[in-house]
Amino acid sequence: MAEAPVRQKVAVLISGSGTNMAALLYASRASDCPYEIVLVASNDPEARGLRLAEAEGVATFALSHKGMKRAEHDAAMDAAIRASGAGWVALAGYMRILTAQFVGKWEGRMVNIHPSLLPRYTGLHTHERAIEAGDSHGGVTVHLVTAELDDGPILDQIPVAIIPGDTADSLAARVLIAEHQLYSRCLARLVTGETQPGDQHRRLLKAQTSE
């Protein structure tokens, strides 16, 4: 019998409930998933996602950023990630702007999920901004992390239709479903070298400009 392929080890950083972390974790339990979650780490020791990870038998690390310099906190998070054996990092609602030094150490091996069709609406309040602009779609983007906020190479996107009467909350609820579908697929393709950053971005931009 052939040996099962070695699965890539991933650390997930969260700051809250960890719904995208949970989506990655449960996807990793499929027999053909090429990655495993070896650590869930947070800058908030009270983050609810930590409790879920613990219940599912995943190692956790928590260190409040309060009272710490950003570089010091990033260094501590980096040390915990490396101690876990992880070779990849997935940001899943991690509400800290990372230092260029931290990002540089994980260049090409750290991904983020953002609730808009980048390059539209970097930062916060993405659903409100899409609705106010009269866009036909909101959506979600998975991208590699660079030192520039929400500006790394795009791995894939899913547009989500904005329905008449939508509020930021109602749109966010549907976008979250798309997030949970997309993130694990992108991560799986990334760790196996199947993804081509930028190709999907160019295709979607062409479609958007032709609307």
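1. Surface. The accessible surface of the protein is about 10600 Å², and carbon and sulfur atoms hold 55% of that area. The structure is a predicted model, and every point below should be read with that in mind. Buried residues account for 45% of the 211 residues in the protein.

2. Charges. The protein carries 20 positive and 24 negative charges. The mean position of the positive charges and that of the negative charges are 2 Å apart.

3. Fold. There are seven helices and seven strands in the protein. Their order along the sequence is β-α-β-α-β-α-β-α-β-α-β-β-α-α. The radius of gyration is 17 Å, close to the 17 Å that the globule rule gives for 211 residues, so the protein is as compact as a globular protein of that length. The C-alpha trace spans about 55 × 50 × 30 Å along the principal axes.

4. Contacts along the chain. Consider the contacts in the protein with a separation of 6 or more: 64% of them are made by residues 24 or more positions apart.

5. Main core. Which residues have the most contacts inside the largest nonpolar core? They are Val 12, Tyr 35 and Ile 37, in a core of 37 residues. Helix α6, residues 168–191, gives the most to this core, with ten residues. For Val 12, the contacts beyond four places in sequence are Met 21, Leu 24, Ile 37, Leu 39, Val 40, Ala 41, Ala 90 and Ala 92.

6. Helix α1. This helix covers residues 19–28 and is mostly covered, with seven of its ten residues buried. The buried residues are Asn 20, Met 21, Ala 22, Ala 23, Leu 24, Leu 25 and Ser 28. An α-helix has 3.6 residues a turn, so residues three or four places apart point the same way. What do the buried residues of α1 pack against? Their partners are the strands β1 (8–14), β2 (35–42), β4 (88–91) and β5, together with the helices α2 (48–55) and α6. Two of the buried residues of α1, Met 21 and Leu 24, are also among the contacts of Val 12.

7. Arg 29 sits in the loop between α1 and β2. Is Arg 29 buried or partly exposed? Its relative accessibility is 45%, so Arg 29 counts as partly exposed. Leaving out residues up to four places away in sequence, Arg 29 touches Glu 56 and Val 58. The C-alpha atoms of Arg 29 and Leu 98 are separated by 29 Å, and the two residues are 69 residues apart along the chain.

8. Thr 99 lies in the loop between β4 and α4 (100–105). Why does Thr 99 count as buried? Its relative accessible area is 12%, and buried means under 20%. Beyond four places in sequence, Thr 99 touches Arg 70, Ala 71 and Asp 74.

9. The loop between β5 and α5. The peptide bond between Leu 118 and Pro 119 is cis, with omega about 15°. Pro 119 is in the loop between β5 (110–114) and α5 (126–132). Tyr 121 has its place in the loop between β5 and α5 as well. Tyr 121 is not a glycine, yet its phi is positive, at about 60°. With a relative accessible area of 19%, Tyr 121 is buried; the cut-off is under 20%.

10. The loop between β6 and β7. Asp 150 is in the loop between β6 (137–144) and β7 (154–161). Phi of Asp 150 is positive, near 55°, in a residue other than glycine. Asp 150 is buried, at 11% relative accessible area. Gly 152 also has its place in the loop between β6 and β7. Gly 152 is buried, at 7% relative accessible area. Apart from neighbours within four places in sequence, Gly 152 is in contact with His 143, Leu 144 and Thr 146.

11. Between the two loops. How far apart are the C-alpha atoms of Gly 152 and Pro 119? They are separated by 9.7 Å, although the two residues are 33 residues apart along the chain. Gly 152 belongs to the loop between β6 and β7, whereas Pro 119 belongs to the loop between β5 and α5.

Technical notes
Residues are numbered from 1 along each chain as its sequence is written. This is a predicted model: local features need pLDDT of at least 70, side-chain atom pairs count only at pLDDT 80 or more; totals for chains, interfaces and linings use all residues. Side-chain values use heavy atoms; hydrogens and water are left out. Helices (H or I, at least four residues) and strands (E, at least two) are DSSP runs, numbered from the N terminus. The radius of gyration is taken over C-alpha atoms; the globule rule is 2.2 Å times the number of residues to the power 0.38. Buried means under 20% relative accessible area, exposed over 50%, partly exposed in between (1.4 Å probe, protein chains only). Contact means heavy atoms within 4.5 Å. Accessible areas come from the Shrake-Rupley method with a 1.4 Å probe; for residues, only the protein chains shown count as cover. Lys and Arg count as positive and Asp and Glu as negative; His and the chain ends are not counted. The place of a charge is taken as NZ of Lys, CZ of Arg, CG of Asp or CD of Glu. A nonpolar core is a set of buried Ala, Val, Leu, Ile, Met, Phe, Trp, Tyr and Cys residues joined through side-chain atoms within 4.5 Å.
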